[in-house]
Structure formats: C-alpha cells, structure tokens
Protein chains: 2
Amino acid sequence: MILSKQHYALPLVVGVDVGGTKIAAALVDADGVPLHRVRYPTELSSPQATLDSIARAVDQVIEEAGLLPTDIYAVGLGIPGLVDPVRGVGIASVNLNWRNVPVRAELQERLGLPCFIENDVKAAALGEARYGAGRGLDSLVFLIIGTGIAASVVQNHTILRGSHGIAGEIGHAIIEPDGPVCKCGGRGCFEALASGPAIAARAVAKLQAGGSSPLASLPEITAEDVFEAAAGGDPLALQTIREVAAYVAFVVQFLALAYDPQVIVLGGGISLTGNLFFDPIRHALEKQARENWVFREMYSPELVQVTRMGADIAVIGAAALAAMPVG
Amino acid sequence: MILSKQHYALPLVVGVDVGGTKIAAALVDADGVPLHRVRYPTELSSPQATLDSIARAVDQVIEEAGLLPTDIYAVGLGIPGLVDPVRGVGIASVNLNWRNVPVRAELQERLGLPCFIENDVKAAALGEARYGAGRGLDSLVFLIIGTGIAASVVQNHTILRGSHGIAGEIGHAIIEPDGPVCKCGGRGCFEALASGPAIAARAVAKLQAGGSSPLASLPEITAEDVFEAAAGGDPLALQTIREVAAYVAFVVQFLALAYDPQVIVLGGGISLTGNLFFDPIRHALEKQARENWVFREMYSPELVQVTRMGADIAVIGAAALAAMPVG
C-alpha cells in the first residue's frame, strides 16, 4: 500500500481537475496535501464517455494508493465553464462540449461516493483559501491568468457567485476599447490583453512590426517561449512582459479596491514564471501605494502573492470542495 | 401636530446627513418615506460643537413634527469619511475635522435615543437597497458620483466592508496613469476624471485649448454649468459629458463583472442631471452586451439605473441604519 509510509490527516478525499485534454485526479488528505496523483486522457466523444473517463481516473487513484472506495470521504470535481454546484449540473462547457450534464448524479451512481462539483477557477480559489495563502484568513481573491482569465472571491469560506454566477469574470472587462478581438466577441477585454495566448500574440506583433529577437527563429511562439526568452535577457520579450504586467497591475488594484480582501493570489501559468512577470506588477502596486493614500490604507507587501501551490492547485481546489466543512 | 393628516408606517426614525456645511435631518417612516425635514448649519469650531448642532437638528425635527423623543425608535447618522459603525466612532473625516470622535456615545447621551452611525455613502447604499431600486433584491451596488466618487455594495442586507473598510473605494482606482492629479495624491484616479469638479475642469481645459462655448463668459465654471450648457445644445459641454460618461461606463462594467449584482444604482449629482449623462453610459453598456457574450449573460436594461430618491437619498439612507432589522 502506497500510503503506508506517509503521514497524512484523515479523512481522505479525491480531487479531480477535468480539463479539455486531460483529467488529473489526486488523493488529498485533510490538510490539502496530495498523496498520490494520476492523469488520464479526457474522452470527448460524448458526455457519457467523458463521465466514464472521470470515473476511471477516480477508481485508479484509489486503487493505486491501495485503498478502497469506502476509505474515501467524498470526491470533488473542478469543471471548466458554467457550473451549478447546488444542483450538481455542468451547465455549459465549451472545452468539454457539455450542456446541462447532471455530473453529480451520474458520477455518484458510477462511484458510489458523494460528489461535489464547481467551476474549476472557483474550486482553485477555495483550495487556495483553505490550504494556501488564505489559510486562517476571512477573504481572498484568486486571479487566474492562463489560457483564460478569471477572478474568484472567497469571503468567510464561501465563494461569491453573484446573481448570475458571473461575479469575478473580470477577464471580459473591456480595458482597451480598440484592443484585440477577444474570444467572447468583444474587443480589448482583459483576457485578450493578458492571457497566455495574448502574451504570445503581443510578441508576434512586435516581431511583425520589425522588432528583432531570438523568438523570430521559432516556427510558432507560445507564452512559455516569451518567458524563456525574457529570462535569457531578450529585450523584446522583456518589453512584452512589462506591457502585459501593466494590464495585470491595473486590474489587481481594481480588485483590491472593489473587494478589499486580505490577500490577492495570482495563479495559472503566471505562477510558474518566477518573478519575471510578478516583479513589474508588484512595483506598479508599490508605486500606487506610495502616491495614493486610499490605496496605501490597504496595501502591504503581503496583499498580492503568487500561489505557492504550483500545478497542484487544480486538484487541491477540487479536493477542497469535498473536504469536511470548516469547523 | 404636523403628522396628524399623514398616513405613515410605524416605527418612526430620524435620519441625519452630517455634511461639512449643513446637517439635514428627516423624520422617516418604516417605509422609508420622509415625513418632515430640517436643515441646520454645521458648527465646525470643535467636535463637541458639531455634535451639539447635530443634536439640535434631531431635537428640532422631532419637535416640529409635534412628537416627543419617546415616539422615535432610533436615530441613524450618515457621516463622511472613515467610520467604525460597530464601536460607533467617527475615525477620520476631513470635512468635519474629526479624528476618533465617539459619535454614538456622545449623541446617545445628548438625545436619550439609540444612535447608529455609518459612512454616508454606505448609508445611502443601504437606503437604496432597502427602500429604493434594491427593494426586494439580494444585491445592489450604489455608485455615487458627486464631489467625490465611491461605490458601496449591499449583499443580503449587509454592507460589504472588506478587510480595511475600503471595499468599493473605486474612486481611487487609477484609470489613466498620466491623468490629472487626484486629491488622494495619485494621478488619473477615477475620481480625478469623473467627479463634479473633474467635469468642470475638463470643460475649462477645452476652453483653454481654444474651444468656444457660452461657458467662456462665466467667471467660474461648475459641473452644473456644464450640464446646463449641454442641455442647451453646446457642443463643447456635450463632448465633455460624453468623455466623462465613457469613464463611468468603463467602471460600471468592471463593477458589474466583479460583483454580478442584481442592480447598479448611480447616485450623487448625476442623479439630478436627467438623461444627459446617463444616456451615453447606457449606450456604452448596451454596445458591450451586444458584442461580449459574458457581459450579455448578466446585462439587462434594468441592471444600471439612476436613483429615483433624489436629494432625499442621504437622509433616507441614514434612516435605514436606524430602522428595524429586515425580518
């Protein structure tokens, strides 16, 4: 039994991050520590097939750990798109090609375990609030910057949903009315300016405008390539990152003043880029705190942090959905 | 007795708007209807003198209505600046020259009535939530645009305060890093771009840049003058208002996506300007809803409204502080 030599806190839960290409499942203990992980390709041929592949991933992580389903308290699932956690329904997910899928009922039948579902970003925020930078605090904003961008707010252990479940969908706030077209159909949305693909597109635009950079030799440019070039000192890549960081700092001060949370945590791809992206954000906020006394009232170096949970945040967040209520 | 011929709902409360130049007090019934009003100059020579003038205003409105203090359930006071409603202390108010004044204790002793205090914008938001556009709803954002700018959020009959009491202080979000200097010390804050004084300053700048307008003949220009000229068709004044309305629309979409409230209510000076200011804001939001499907999910023509409570919002909001808890 895999767990025999580990120390862990009971009860155990399984957290599942349901992505468009892979399903990540982890056995997570009551302190939010992942004890064992599996990855499974996402079967997308039908919602039933997707649910089957989720169930297989859960079964496998339990079995590989040498446990039985009866050793598991519950299963939590983070799902992209619009989710109704109360009815347990995946309302709409572009990545999974889902409309109104009764995820909880279907999986509870397959697994024989209580299941809880939530939007994946909201789940990550809950994980960060419970086990990460928000541990012991009452309020946290989690801003995820990856392929997409969204914020999620946790107040008193509860996710702020808003009246249409849209609270925190700040990726689709228009920042530059004449900016690039966004996949939501708008123009100049925050997501169209600061997501991973937007970072890559900005570097490409600089090259097309005559800029020179080692990036020019690549057949295709990703955000990771831009960060790698920046780490190597490439001025075009560094300038790209500085410009995008300015948009992020702009939104972070807005979130800070809107919610006045105890901590704002940045997650997503940015959390894997070290200080290259975070330093200019922090400098912009420090400048604002020096100049503006209202912002200064709430600012401290601890206010804005990068998640330290790394790539595990998705499964840990999903696990937090299934964990015992906060006492 | 003044009230003898009126229909009103018991219990009665007194709402007081404590401003830097005048104290407005109103007798308000349980439906939020002001039954009688008085105005009193604010005595600013000392905090004690200010408290005395507040107490006189309360006594006077009760007496003029032919009532006794024992007919009053409680007194609510909206106070500018930082307020601690739990301890009943006015922490800092520039307009009143207050630092840590124990307002509640002092007034309860003078009046022999229970007193409740709150920041004036938060009180107005509560009044709008309870008696105005938010009646029967669970969530409301009140955005006041006057000499200053701030938003206040009411969720489930409770004002969102945040961890430093700053939640909603969106007037000091930086919108244009190279914009005009704000009284907070920052540059390009929303308040420095869209408050009443900012509207006047923008029109003056257009005149100084060679623009022509009947406004040029005035010795001094106020926001009211700009709105009056715009109502008369003056192109410079109309352009000024359009530019400022674009900033307001920008912030309103941000607030909408951040909180996803059932209604966003605009108050302050703007609520007295008819549709001149509101129309371009509404048009910008409608355009965004047409283009951007995330925003469209939450947008409806009722989402953003101008308060219909007019100048009474301040005393009605203060009265809401003193009203019986929502059942």
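Colleague: Let's start with A:Asn97: in which loop is it found?

Modeller: A:Asn97 sits in the loop between β6 (89–93) and β7 (98–101) of chain A. Helices (H or I, at least four residues) and strands (E, at least two) are DSSP runs, numbered from the N terminus. This is a predicted model, where local features need pLDDT of at least 70, side-chain atom pairs count only at pLDDT 80 or more, and totals for chains, interfaces and linings use all residues. Residues are numbered from 1 along each chain as its sequence is written, while chains are lettered from A and ligands numbered from 1 in the order in which they are written.

Colleague: What is the phi of A:Asn97?

Modeller: The general idea first: most residues other than glycine have a negative phi, and most peptide bonds are trans. A:Asn97 has a positive phi of about 60°, although it is not a glycine. A:His157 is a further case, with a positive phi near 65°, and lies in the loop between β10 (149–155) and β11 (158–159) of chain A.

Colleague: Are A:Asn97 and A:His157 buried, exposed or partly exposed?

Modeller: A residue is buried if 20 or more other C-beta atoms lie within 10 Å of its own, exposed if 12 or fewer, and partly exposed in between, with C-beta atoms placed from the backbone. A:Asn97 has 14 C-beta neighbours inside 10 Å, so it counts as partly exposed. A:His157 is partly exposed too, with 14 other C-beta atoms within 10 Å.

Colleague: And which peptide bond of chain A is cis?

Modeller: The bond from A:Leu10 to A:Pro11 is cis, with omega near 0°; A:Pro11 lies in the segment before β1 (12–18) of chain A. In chain B, the bond from B:Leu10 to B:Pro11 is cis, again with omega near 0°.

Colleague: How do I read a sheet, and what is the strand order of the open one in chain B?

Modeller: Strands of a sheet pair through backbone hydrogen bonds, either parallel or antiparallel. Here, two strands pair if DSSP finds at least two bridges between them. The open sheet has three strands in the order β5-β6-β7 (chain B), with antiparallel pairing. β5 (82–84) and β7 (98–101) of chain B each have a single partner strand, so one side of each is left without a neighbour in the sheet. Strand β6 (residues 89–93) of chain B pairs with β7(B) over three bridges, and B:Gly90 stands opposite B:Val101 in β7(B).

Colleague: How many residues of helix α3 of chain B are buried?

Modeller: Twelve of the twelve residues of α3(B) are buried, including B:Lys122, B:Glu128 and B:Arg130.

Colleague: Lastly, how are the two chains related?

Modeller: Two copies of a chain are related by a rotation about an axis and a shift along it. Chain A can be laid on chain B with an RMSD of 0.0 Å by a turn of 180° and a shift of 0.0 Å along the axis, with copies superposed by least squares on the C-alpha atoms of residues with pLDDT of at least 70 in both. The two copies are thus related as by a two-fold rotation axis. A:Ala258 comes closest to that axis of the residues of chain A, at 3.8 Å (C-alpha).
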